[in-house]
Structure formats: structure tokens, C-alpha cells
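Welcome! Take a moment to look over the chain below, and then we will walk through it together.

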Amino acid sequence: MTQFQTRFTRIGFATRPARGSGLMGSVLWLGGMIAAGIAVTIGALLAIFTAAAVAVIALVAGIVMFLTGFALRARRSARARTAAAGPDGVIEAEKVGDTWVAHGWERQGR
């Protein structure tokens with residue numbers, strides 16, 4: 001036999017010592033079960049934290065969209081007021097008798 005054959009002849013299931021027998025096998029099995037339980041618990045906690053983070057992000061996005069709607073509505077109404085006043089923001093007025101009557105500031109369609 002060559003050195004290559006003697007080095008790798010011990011690899012395989014037949015030459016492996018039996019670890020699953022006796023007290024050591026039970027201790028290793030119990031340790032594996034405890035490690036698996038801890039891993040499942042940590043995974044469940046991370047899933048809960050991720051779901052909570054997604055819910056908070058959705059809530060904040062909803063609030064931002066709500067406030068954006070208010071801002072756009074206020075912008076539209078402010079633009080309508082300046083359009084009614086004229087391009088330079090000045091309204092027209094005329095003197096009728098002893099009082100001044102202003103035109104151009106009323107709402108359209110009334």
C-alpha cells in the first residue's frame with residue numbers, strides 16, 4: 001500500500017467508533033435537543049421583532065401619506081386664492097357711493 005491508501009482507508013462509516021452508545025450518546029443527544037430548542041426560540045423572537053418593525057413602518061408610512069394629502073389640499077386652496085386675486089395678487093376695487101366694493105376675491109361657481 002502507498003501512503004495515500006493508508007491515510008484514507010480509515011475514512012468511512014465502518015471504521016468510525018460508535019458514539020451513540022452509552023451515557024455519552026445520551027448527553028450529546030440532550031445537548032443537541034437543547035441547542036435546537038434555543039435556536040427555534042431565537043428564530044421565533046426574531047420573526048416577532050421583524051413583524052413588529054414592518055407594522056411600525058406601515059403605520060408611519062400611513063401617517064406620512066395622510067399628512068401629504070393635507071398639505072396638497074392646503075396648497076391647492078392657497079393656489080386658488082391667489083389665482084382669484086389675479087396674477088400679481090392685487091384685487092380690483094371700485095368706489096360705489098361712499099364705500100369701496102372689491103371684485104375678484106369671491107369663490108367661483110357660487
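Where is the place of F49? This residue sits in helix α2, which covers residues 22–85. Keep in mind that you are looking at a predicted model.

Let's step back to the overall plan. The protein chain has 2 helices and 2 strands. Starting at the N terminus, their order is α-α-β-β. Of its 110 residues, 3% count as buried. The accessible surface of the chain amounts to about 10200 Å², and carbon and sulfur atoms account for 69% of that.

Now back to F49. Is F49 buried or exposed? Its relative accessibility is 57%, and because exposed means over 50%, F49 counts as exposed. F49 also belongs to a nonpolar patch on the surface.

| Strand | Residues |
|---|---|
| β1 | residues 92–96 |
| β2 | residues 99–103 |

How many bridges join β1 to β2? There are 5 bridges, and the two strands run antiparallel. Together, β1 and β2 make a hairpin with 2 residues between them. In that turn, G97 has a positive phi of about 70°. As you look at the side chains, remember a general rule: in a regular strand they alternate between the two faces of the sheet.

Key: Residues are numbered from 1 along each chain as its sequence is written. This is a predicted model: local features need pLDDT of at least 70, side-chain atom pairs count only at pLDDT 80 or more; totals for chains, interfaces and linings use all residues. Side-chain values use heavy atoms; hydrogens and water are left out. Two strands pair if DSSP finds at least two bridges between them. Helices (H or I, at least four residues) and strands (E, at least two) are DSSP runs, numbered from the N terminus. Patches are made of residues with over 30% relative accessible area and no salt bridge: like charges are joined within 9 Å, nonpolar side chains (Val, Leu, Ile, Met, Phe, Trp, Tyr) within 5 Å. Accessible areas come from the Shrake-Rupley method with a 1.4 Å probe; for residues, only the protein chains shown count as cover. A salt bridge is a side-chain nitrogen of Lys or Arg within 4 Å of a carboxyl oxygen of Asp or Glu. Buried means under 20% relative accessible area, exposed over 50%, partly exposed in between (1.4 Å probe, protein chains only).
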